[in-house]
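Let's take a friendly walk through a protein chain together. Have a look at the picture first, then read on.

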Amino acid sequence: MKDNFRQSMKWLHTWVGLIVGWMLFFMFLTGTLGYFYQEITRWMEPERPFIVHNISNEKLIDTAQSYLNKHAQGIEAWDIYLPNSRDQNLRVGWRHEPEPGKKRGQYITKVLDITTGEKVESRATGGGRLLYRMHYRLHYLSTDISYWLVGFCSMLMLLAVITGVVIHKKIFSDFFTFRAKKVLPGWLDIHNVLSVIALPFHFMITYSGLLFFLFTYMVLSSNLQTNEDEYRAMRKEIYPRTAHLEKANQAAEMLDISILYQQVKTAWQGDELSYVEIFAANDVNAQVLFVRHETDITYNPADEVMISAVTGEVITQQPKEYTAAGMIHNGFISLHEGQFAGAIARWIYFFTGLIGTAMIASGLILWTTKRKPQQMKKPNGPDFGYRLVEQLNIGTIVGLPIAIALYFYANRLLPLDMVGRAAWEAHVMFISWAILLSYPAFRPAAKAWSEQLQLAALVYLALPLVNALTTDKHLFNSLSKQDWNLAGFDLTLLLVGSCFAFAAYKVKALQVSNNSSKRPSTQSSKQRVKQGKAPLPATSGSLLPVQQAHKEQC
């Protein structure tokens with residue numbers, strides 16, 4: 001019974017992983033890049049100045065408030081984002097009124113030059129946020145369809161993780177087993193090691209990802225469909241809004257936000273300001289919310305202080321009120337996004353995300369490797385399904401990283417004044433991916449693997465050079481200016497390119513080895529004697545041409 005159950009789970013694990021494997025690879029890879037989306041955006045906006053580290057928070061706040069007073073008049077809510085370890089530029093943001101038929105207005109962010117106080121004119125780009133959003137909103141599809149499709153794949157991923165645990169009799173001993181010289185057992189061992197090494201992360205990231213779409217799926221509940229008030233109350237409990245006064249439409253001059261911050265800094269006994277939110281700006285009900293940092297998994301009321309922007313009075317009412325359900329939900333979301341993560345923890349997230357991506361890739365390759373001997377024995381060659389899976393494997397596992405690199409190339413090479421430039425960055429990525437998905441259909445699988453790996457190595461290794469030829473934010477300048485975010489991006493590109501180059505070398509060496517093993521032996525009699533083998537007949541070499549000629553005459 002146990003064996004039959006385990007076999008059923010193995011069958012389920014195999015086919016569930018295959019059905020959504022390529023979509024999961026896309027989600028994991030783009031989601032992993034999303035852990036550094038701010039750093040990626042910084043690289044994709046090279047017009048931003050190098051960082052100046054010796055300016056106080058008060059001076060930065062004054063610069064931001066002056067800009068907002070000049071350029072965001074009539075906007076009810078403002079945001080000021082102070083420099084941090086991930087994005088060391090000063091930014092401001094606000095949301096416009098929604099257009100007719102839309103629930104929310106467009107949110108605008110501007111990067112400010114600290115020295116001049118004016119916005120930095122950066123090129124139009126999707127930045128790292130586009131890659132981050134694609135892992136759960138996909139692209140070219142409506143939000144609702146994307147959420148349901150991603151949720152379906154995430155649910156099957158969770159099922160694959162659970163069944164993967166069930167089918168392993170020796171899950172810990174498998175972790176220390178690696179049979180590199182045997183093709184099929186080798187890929188199985190790679191898949192097992194990658195699965196076990198980050199198993200808690202795989203479970204957490206999949207389950208918490210499903211919680212993002214909680215209310216998308218909850219609308220199927222007949223009770224919530226008929227009781228809109230209950231639905232709104234539930235949303236308010238999970239996503240509490242900051243309590244603040246509404247705009248009274250009575251103009252009033254606000255105090256300098258930097259002066260208000262002096263009170264907050266004294267209460268915090270430190271200078272750890274993360275961002276500032278202004279409600280009902282330049283109104284008699286104007287209020288300012290100071291947020292210390294976002295390094296805690298759960299909400300900490302002490303990290304937020306609300307002050308009246310007109311009177312300077314500290315508001316004692318707690319800005320947000322989380323219930324137990326809201327705290328649990330917020331904790332899972334913080335875990336999923338790594339909101340609490342510092343530099344080291346964020347790199348751990350990044351590498352475990354890559355491990356998850358590699359786990360999915362190895363599972364897809366294992367599926368074709370296991371079936372290859374039988375497919376090659378068929379008189380008409382491999383069937384359509386096998387060839388399709390192999391083609392999608394090559395075009396996704398290697399083709400998608402190449403397409404992402406070409407997204408970065410588009411950022412550097414497309415004309416700066418091009419209409420729809422940000423959209424065309426994404427178009428370049430998906431057009432190139434479509435070509436790379438199609439390419440293996442016209443090449444033998446072994447050559448397609450080798451050629452696309454070589455192309456991946458080339459595009460990643462050459463990208464820092466293209467960056468140096470097109471901008472002044474190249475590796476040497478970023479290192480001399482100690483801008484580690486920019487330098488880290490270029491160094492990561494070189495590392496990724498080197499990994500692809502090594503993979504291309506190993507695949508090429510394996511192909512040469514396989515081809516040489518298929519050739520007939522050409523050893524001389526002396527060589528065979530030295531190796532302890534029987535010498536070839538003396539006449540064998542001279543008889544072969546005669547025998548061949550005789551066959552041709554017949």
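Confidence in the chain is lowest in helix H22 (residues 540-553), with a mean pLDDT of 39, and highest in helix H16 (residues 399-413), with 97. Here pLDDT is the predictor's confidence in each residue, from 0 to 100, and helices (H or I, at least four residues) and strands (E, at least two) are DSSP runs numbered from the N terminus. This is a predicted model, in which local features need pLDDT of at least 70 and side-chain atom pairs count only at pLDDT 80 or more, while totals for chains, interfaces and linings use all residues. Residues are numbered from 1 along each chain as its sequence is written, and side-chain values use heavy atoms, leaving out hydrogens and water.

**Confidence**
- The chain has an average pLDDT of 84, and 85% of the residues score at least 70.
- Over residues 536-554 the pLDDT stays under 50, and the model has 3 contacts (heavy atoms within 4.5 Å) beyond four places in sequence for them.
- Where pLDDT is low, the predicted coordinates should not be read in detail.

**The whole chain**
- The secondary structure comes to 22 helices and 7 strands.
- Of the 554 residues, 44% are buried; buried means under 20% relative accessible area, exposed over 50%, and partly exposed in between (1.4 Å probe, protein chains only).
- Among contacts with a separation of 6 or more, 67% are between residues 24 or more positions apart.

**Gly209**
- You can find Gly209 in helix H8 (residues 199-212).
- Gly209 counts as buried because its relative accessibility is 11%.
- Gly209 touches Met204 and His336, leaving aside residues up to four places away in sequence.
- Gly151 is 58 residues from Gly209 in sequence, and their C-alpha atoms are 8.2 Å apart.

**Arg346**
- Helix H14 (residues 343-376) holds Arg346.
- Arg346 is buried but has no salt bridge, that is, a side-chain nitrogen of Lys or Arg within 4 Å of a carboxyl oxygen of Asp or Glu.
- Glu39 is the nearest side chain of opposite charge to Arg346, 5.3 Å away; Lys and Arg count as positive and Asp and Glu as negative, while His and the chain ends are not counted.
- Beyond four places in sequence, the residues that Arg346 touches include Tyr35, Phe36 and Arg86.

**Trp15**
- Trp15 sits in helix H1 (residues 2-33).
- With a relative accessible area of 32%, Trp15 is partly exposed.
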